[in-house]
Amino acid sequence: MLLKNKTALITGSNRGIGLSILKCFAEQGCNILAHSRREDLDFIRVTEEISKDYNVDISLIYFDLEDSSAIKSAMRSIFKAKMPIDILVNSAGIIHGGLFQMTPICDIRKVLDVNLFGMLEVTQLVCKYMVRKKTGSIINISSVAGIDLSPGNSAYGLSKAAVIAFSKTLSAELSTYGIRVNVVAPSLTDTDMAATDQAKKERQLLTDATDHFVRMAQPNEIADLVCFLASDKSAFINGQVIRIDGGNKF
Amino acid sequence: MNNEKLYIQAFVDAFEIDESEVSDLEYESIQNWDSVGHMMLMAGLEEAFDIMLEMEDIIDFSGFSRGKELLAKYDILV
């Protein structure tokens, strides 16, 4: 098992790619601090089943990424309980699409608050723990939208581009402590987010295609890569941005 | 270990120096107290005293003496 005896904090683990990462990590023997914004009975049930199936500990952590005090309070409780954090996966995020000229600035701020600033706050607190241990692996989920920056990406694409820039900087700063930082940039992935209106056009293109690789990514495909980057199998991979898109570009 | 010993030990561990070298130390006064060493010290103090330092205090932590004043804000008397 790739992640036996490790503990990972996964943000946004209650759905989509985050949930898939949670399952993949559990299969590989990882104990998990499973974050979601709020308590959800279905999610509690799912994590209890996964915990039992794979004999790993899964602790649920709730905080809103837009609430700085809530983030600090939650992280304080983790540190006070002496829960280790060997791996951090920043998977939580919200989607937004639309031309810049038709996007209220407050919408852009909200996307940045969740996708970037909330992520920065969590990471800054976890980093201090990892610095003490002189080890750790941080994987930030970006998007091809943050690289290709096609029309309609002044909020979501902007936030994901910032995730990439931040991750590269952080990798340069934390290398000295033996902590790796990498980015995974998926293309449109078959989750709730892909079912939204914002993703409709791209989803249609991918659904209608007949080429084997012209399709939506599957969450487990993203999770497998994240798992590899979290593990010691990728010990010399650091500061990288890895696209996972079937070789497509829209 | 009392608070003073814990405090001194954090410096000793972070900068790999002797106890006797600690009392007049200030940020960047020795090679090992650079920004990297600073974060190691902050991490060590947080663990030793079971506290979470605010960012403004991490930035303001300019020396051994100043550090004691800052820790008092967290009810840690050194």
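Tutor: This is a predicted model, in which local features need pLDDT of at least 70, side-chain atom pairs count only at pLDDT 80 or more, and totals for chains, interfaces and linings use all residues. Residues are numbered from 1 along each chain as its sequence is written, while chains are lettered from A and ligands numbered from 1 in the order in which they are written.

Start with the contact itself. 8 residues of chain A are in contact with 10 residues of chain B (contact: C-beta atoms, placed from the backbone, within 7 Å). Helix H3 (68-80) and H4 of chain A are the elements that give two or more residues to this side of chain A. Helices are DSSP runs of H or I with at least four residues, strands are runs of E with at least two, and both are numbered from the N terminus. H3(A) gives the most, with 4 residues. The side of chain A that touches chain B divides into 2 nonpolar, 1 polar and 5 charged residues. Here Ala, Val, Leu, Ile, Met, Phe, Trp, Tyr, Cys and Pro count as nonpolar, Asp, Glu, Lys and Arg as charged, and the others, Gly among them, as polar.

Now the helix pair. The axes of H4 (residues 105-133) of chain A and H2 (residues 35-49) of chain B come within 9 Å and cross at roughly 95 degrees. Axes are lines fitted to C-alpha atoms, for helices over the stretch in contact, with angles from 0 to 180 degrees between N-to-C directions. H4(A) and H2(B) are therefore roughly perpendicular (65 to 115 degrees; under 35 is roughly parallel, over 145 roughly antiparallel, the rest oblique). H4(A) brings A:Lys128, A:Val131 and A:Arg132 to this contact. From H2(B) come B:Met39, B:Met40, B:Met42, B:Ala43, B:Gly44, B:Glu46 and B:Glu47. Together they divide into 5 nonpolar, 1 polar and 4 charged.

Behind this lies the rest of chain A. The chain has 8 helices and 7 strands. Those 7 strands form an open sheet with parallel pairing, in the order E3-E2-E1-E4-E5-E6-E7 (two strands pair if DSSP finds at least two bridges between them). E3 (58-62) and E7 (241-244) of chain A stand at the edges, each with a single partner strand, so one side of each lacks a neighbour in the sheet. The twist averages 20 degrees from one strand to the next.

Note on methods
Contact = placed C-beta atoms within 7 Å.
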